[in-house]
Amino acid sequence: MRLVLQLVARLFLVVILCLGAATIWATIDAHRSVDRATAASAERVSVALEALYWRELMLRSNRMREQLLPVPEWRTIETMGLISPGICVRLEPAGAFEKPLCGQSKGIGQAPPRWFAATVQTLLGDHAAVVRPISTRAANAGSVSAAADPNAAIALAWQHILDNIHVALLMAVAIALLASLAIAHTLAPARQIVAALQRMARGQYSTSLPRFRSMELAMIGQAVGDLGDRLAQSMEERAALTRRLLEIRSDERRALARELHDEFGQNLTAILAFANTIEATSARETARGEVAQDARMISQATHRIMACLRDTLNRLRHPPAEELGLEACLVDLVDSWRSRNATQPMIQLDLKGDLADVRGAVAATAYRVAQECLTNSLRHSSARVIVLRIERRTGAENALLVHVEDDGGGDAAKLARSPGFGLTGIRERVAALGGSLSIADANRGVSVAATIPLAA
């Protein structure tokens, strides 16, 4: 799941939790507001009746009367105006069959759902009645008792919650949308960072990123840039070291070829000369026929060893592609293999593009790749047809493609894991020039493809 969506989802979860908390708080506040309205109604009515009490007392000049105010005289419109909606006030002691005086409760709010009424009743309980004396100096003046109408109180609480929740809901939606846009805008540079890392994974290590406004993203971008620079430097050092190792190995191969030619080759030539002399001398003497036969066997073995030595020397010496050009050397390589294998397999050489100016390390590496792949196909498979394709690609690629494919079966995965020095050597050569080597299954055999940048 994308990070932006995760953050937005968490933000909406926080908004929902806040709305739930706001709903609970609004419910509690509505319940308390009914208690406050009840106390305020009792206070206002008691103050009004106290003034009425003292006025009637002065008019009647009777201080000892237990109940100065008759019931009909306090139930007026003015008194009802002092009572909050949903609150009922009773005068104590009450007269016979006297009903409490209630504030206007019709139209004060929508009828609440049953679950809300049951939840409020269970969690918050009933509203307590509030009693206020009419006069603190005359205890016999009576008292005012105010109580909330349960149904009206629930309706008031529900309307209070609706009024607050509507506003809170609109604010929460607006905050969530604006915060989501802000989060998406803040995390937009993450795509550039991911794209830079993907380019680094493809080998483009020197990747520059713009300067981000966020300090954290700027630090990440700086770290990615530093990492790319270090990787580029490491790859350059590795390529230089690989080239140096290849040069050292080439020098050792030349020295070994020289020693084999000067020492081993000359000794074999001498052995062959001695064997030919023994064979010629013994052939004139009938009694020494067995010696002549042994001499011929020595001569044949020496010929085989010298042929093997010539092949080894050809592989050890630098390919002439560095000096003579790649195309001529490839033609000579294929012709030499064809002369050794007159019947099978058939080797096809396909050259595409201008190869005249391909020389130096690129030509030597391409020649080694072709030589090693042809050797593997001829010696380790039962191929009937081997296709060697050399293609020069211009334009943005500017690379040389060496592709060898045979129909001799084989397992590409097993060949890629082979610990042999041949494939390891050409893989190192190609990597040293910044190229790539791939081994895959072909139609009926194995395909080896090497891409060598010409800029190398």
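Q: At what angle do helix α4 and α5 pack, and how far apart are their axes?
A: This is a predicted model, so take what follows as read from a prediction. Helix α4, residues 114-124, packs on α5 at an angle of about 105°, and the two axes lie 11 Å apart.

Q: Which residues make the contact?
A: On the α4 side look at W115, F116, A117 and V120. Their partners on α5 are I154, A157, W158 and I161. Sorted by class, this contact of α4 with α5 has eight nonpolar residues, no polar ones and no charged ones.

Q: And how do α5 and helix α6 cross?
A: Here the axes come within 4 Å of each other and cross at roughly 30°, with α6 covering residues 189-201. Angles under 35 degrees count as roughly parallel, which makes α5 roughly parallel to α6.

Q: Which residues of α5 and α6 meet?
A: From α5 you have H185, T186 and L187, and they meet P189, A190 and R191 of α6. By class, that contact splits into three nonpolar, two polar and one charged.

Q: Let's move to empty space. How does one find where it is left?
A: The general idea is to roll a probe the size of a water molecule over the atoms, which shows where empty space is left.

Q: How many cavities of 30 Å³ or more does a search of the whole structure find?
A: One. The largest cavity holds about 30 Å³ of space.

Q: Which residues line the largest cavity?
A: The lining is A30, H31, V34, V120, H127, A153, I154 and A157. By class they are six nonpolar, two polar and no charged. Two helices each supply at least two of the lining residues: α1 (3-60) and α5 (150-187).

Q: What about pockets: what volume does the largest one have?
A: The largest pocket has a volume of about 460 Å³. Its lining has 24 residues, and N376, S377, H380, L415 and L423 are the ones nearest the centre.

Q: Which elements give two or more residues to that lining?
A: They are α11 (360-380), β7 (399-406), α12 (412-416), α13 (421-432) and β9 (446-453). The largest share, five residues, comes from α11.

Q: How does the lining of the largest pocket divide by class?
A: You get seven nonpolar, twelve polar and five charged residues.

Q: Last one: how many disulfides does a search of the whole structure find?
A: One disulfide turns up. It pairs C88 with C102, and their sulfur atoms are 1.9 Å apart. The pair links distant parts of the chain, 14 residues apart: C88 is in strand β1 (residues 87-92) and C102 in strand β2 (residues 101-102).

Q: What is the handedness of the disulfide, and why?
A: Check the torsion about the S-S bond of C88 and C102: at about 105°, it makes the disulfide right-handed.

Methods. Residues are numbered from 1 along each chain as its sequence is written. This is a predicted model: local features need pLDDT of at least 70, side-chain atom pairs count only at pLDDT 80 or more; totals for chains, interfaces and linings use all residues. Side-chain values use heavy atoms; hydrogens and water are left out. On a 1 Å grid over the protein atoms alone, a cavity is a set of points where a 1.4 Å probe fits but cannot get out, and a pocket is an open set with protein on both sides within 12 Å along at least five of seven lines; lining residues have an atom within 4 Å of a point. Grid points are joined across faces, edges and corners, and a volume is the space filled by probe spheres set on the points. Ala, Val, Leu, Ile, Met, Phe, Trp, Tyr, Cys and Pro count as nonpolar, Asp, Glu, Lys and Arg as charged, and the others, Gly among them, as polar. Axes are lines fitted to C-alpha atoms, for helices over the stretch in contact, and angles run from 0 to 180 degrees between N-to-C directions. Contact means heavy atoms within 4.5 Å. A disulfide is a pair of cysteine sulfur atoms within 2.5 Å. Angles under 35 degrees count as roughly parallel, over 145 as roughly antiparallel, 65 to 115 as roughly perpendicular and the rest as oblique.
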